[in-house]
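Let's walk through this protein together, with the sequence and the 3D view side by side. Take your time and find each residue as we come to it.

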Amino acid sequence: MVVLSPSALLLLATQISVLTYHVGVLIYLAPIPIRSLKRWAPLLIQDSIWAVILALSFSALLYLSDLIASWSGYTLQDVVLYAKSRMSAILTAQFILKMFMMMTSIFASAFNKFFSFFLIPLTLNFYALISAFTVVIIIAGIVMSTKAALAALGIVLMSLPFRLGRNAGASLLAFSLVANAMLPYLPIWISFFYQGLIQGYTNVHELNHVSLYKTYDLWGTIYGEAGTYPHGGLIFFNNTNLRTTFIFRIRQDGSYYIIYPEGIPNGTYIIYIEYLGAKIVNQGFINIPRDLRLTYDLDEAPYRLDIHLKDYVFLNPDVVLFSQDCSSVRVNKNTDSLSVITCTPSTNYVHIELYVPGTCSVEFKTKGGDVYTSALFYKRWRGIGVRIYKFGVYGGVGYPITIEITKKGTCYVNWDKIIAGKIIQQTPNNEGLNFSTLMYLIVYMTALPMAVFSFLTIMSLVVVSVARALGASYSRIIFEL
C-alpha cells in the first residue's frame, strides 16, 4: 500500500506546475495558427504560478485554518466526542423504545398498533439524529486524519495542465481548509440554535439543561499559609450545574492533575480538600474555564488553577494545623520531628486544631500565649486512624505567639492506600416529567437534526465560495445533504 505524505504531494504539485509552465511556453512559441490552442498559453502559465504559490503557502493556509478553529474553544476531537455521546444516548433511547413496543405487543396487539402509529414521528427523528451525527463523525474523522494530505492533493490536481483537475482540486483544498476551521464551531451553533428556539416557551432553569459541556484538562498546586503544601489528600470539584462531584488525588508535590481521559466539564464549582479527616473548603465559587490560566506549563494539561487554603498550615511529614484567629503566619522550622510556627493573634483567644495520623502523637507548647483548653479526639478517615488535637490559646491582640509542635511516632501516611473514588453519583432530581419537560424533549428530537444539517449546509456553501476564490470555475461539494 502506497501512502503519499503531504510533502511528497507538494513536491509532485511543484513538478507538475513546472511541466504546466513549460507546456504554456511551448504553445506560445509553437508556430501553430490555431486561436483556440494559443489562448491556453497564458492560462497554463498563470495556473502553474498559482499552483506554486499555493504549494509555498501550504503551511500558512493550514495554520490559518487551525487558528480560526482554535477561536471556538473546541477541537475536532471534542466534536467527535460530542457526536458520539449524543449518538450513544439516542441509540439507548431507541433500544428502550423498541423493548417497550415489544412488551406491549405481547400483551395487546391492538394497543401496540395504535401506539406504533403515534411513534412514527419519533422513530423518524431517531433515524434523522443518527444520520446527522454519523455524517459529522465521518467528516470530522476524515479531516482529523487527512486534512494535510487532502489539501496537498487538491494543489496537485490544480497544477495539472489544461485545468484538468482545477475544479476538483480547488474544491478538495477548500473542503479541507473550511471543514477544519468550521467543524469546531458545531457545538456553539447548536447551543445558539437551541437558545433562540427554546427561549420562547421555557424558563431559565430548563435552559441550564440545554447547556453544552466541554471538558478541560488542568492542573494546579494547593498552598496553605506560609507557602506550605500538602503531600497527599483528595480534592473535590463539586459542579453545581451538573450536581456531580469529581474526586482527584493530591500528589506528593502538593499538586493535582486532571488529564485526559478524565477531564472536567465547564461550569461553576465548589472546591474542597480532604486531608486527614479535615474538610477544607476553598473560599468562593470557581468557574471553569473563566478562572483558569492558560499557561501550557504541562503539555497534557494547558490550563492551571492554583488553590490557596486560608488558615491552614501543612507541616512535615503529614500533619496539618488549622488556626482560626491567627494572621501573618510564618514557619520558622519544619522538620519531621519539630515544627515551629509564629503568628499574630487577631483576637485574645486563638483556636488551633492539629490533624495527625493515628500512629503519631504531638506535644504542644506556646511562647507569648497560654494554653487554657486542650482536647484529643480519634476518628477513622478513609481507611486510616486520625488524631485530632484542639487547643485554646490566650494571647494579646497584635502580639506574636510562637507555637512549638514536637512529633513522636510514625507521622507518615501511605497516601496510595487512601480509599477514594472518582465521581460521586449525581444528586437525583425529584422533579417529575411535567409538560414543559415533555415539550422540550419533542423540540430537542426535532430540532437537533435540523441544527446539524443546517450547519453542514452553511459549511458546504462556504466550501463552494472558497473553492471559487481559489480559482474553480464551478466547484464541487464534497458531501451532499
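Tyr 257 is partly exposed, with a relative accessible area of 27% (buried means under 20%, exposed over 50% and partly exposed in between, using a 1.4 Å probe and protein chains only). This is a predicted model, in which local features need pLDDT of at least 70 and side-chain atom pairs count only at pLDDT 80 or more, while totals for chains, interfaces and linings use all residues. Residues are numbered from 1 along each chain as its sequence is written, and side-chain values use heavy atoms, leaving out hydrogens and water.

Now look at the rings. The structure holds 16 aromatic pairs (rings of Phe, Tyr and Trp, the last by its six-membered ring, pair if their centres lie within 6.5 Å; planes under 30 degrees apart are stacked, over 60 edge-to-face and the rest tilted). In one of them, Trp 219 and Tyr 257 have ring centres 5.6 Å apart and planes at 5 degrees, so this pair is stacked. Trp 219, at 11% relative accessibility, counts as buried.

Next, find Tyr 275 and Trp 415: their ring centres are 5.1 Å apart and their planes at 35 degrees, so the pair is tilted. Tyr 275 counts as buried at 1% relative accessibility, and Trp 415 counts as buried at 11%. Elsewhere, ring pairs join Phe 237, Phe 248, Tyr 256 and Tyr 269 into a cluster.

Finally, one more ring has a charged neighbour: Lys 279 lies over the face of Tyr 272, 4.4 Å from the ring centre (this requires NZ of Lys or CZ of Arg within 6 Å of the ring centre and within 35 degrees of the ring normal).
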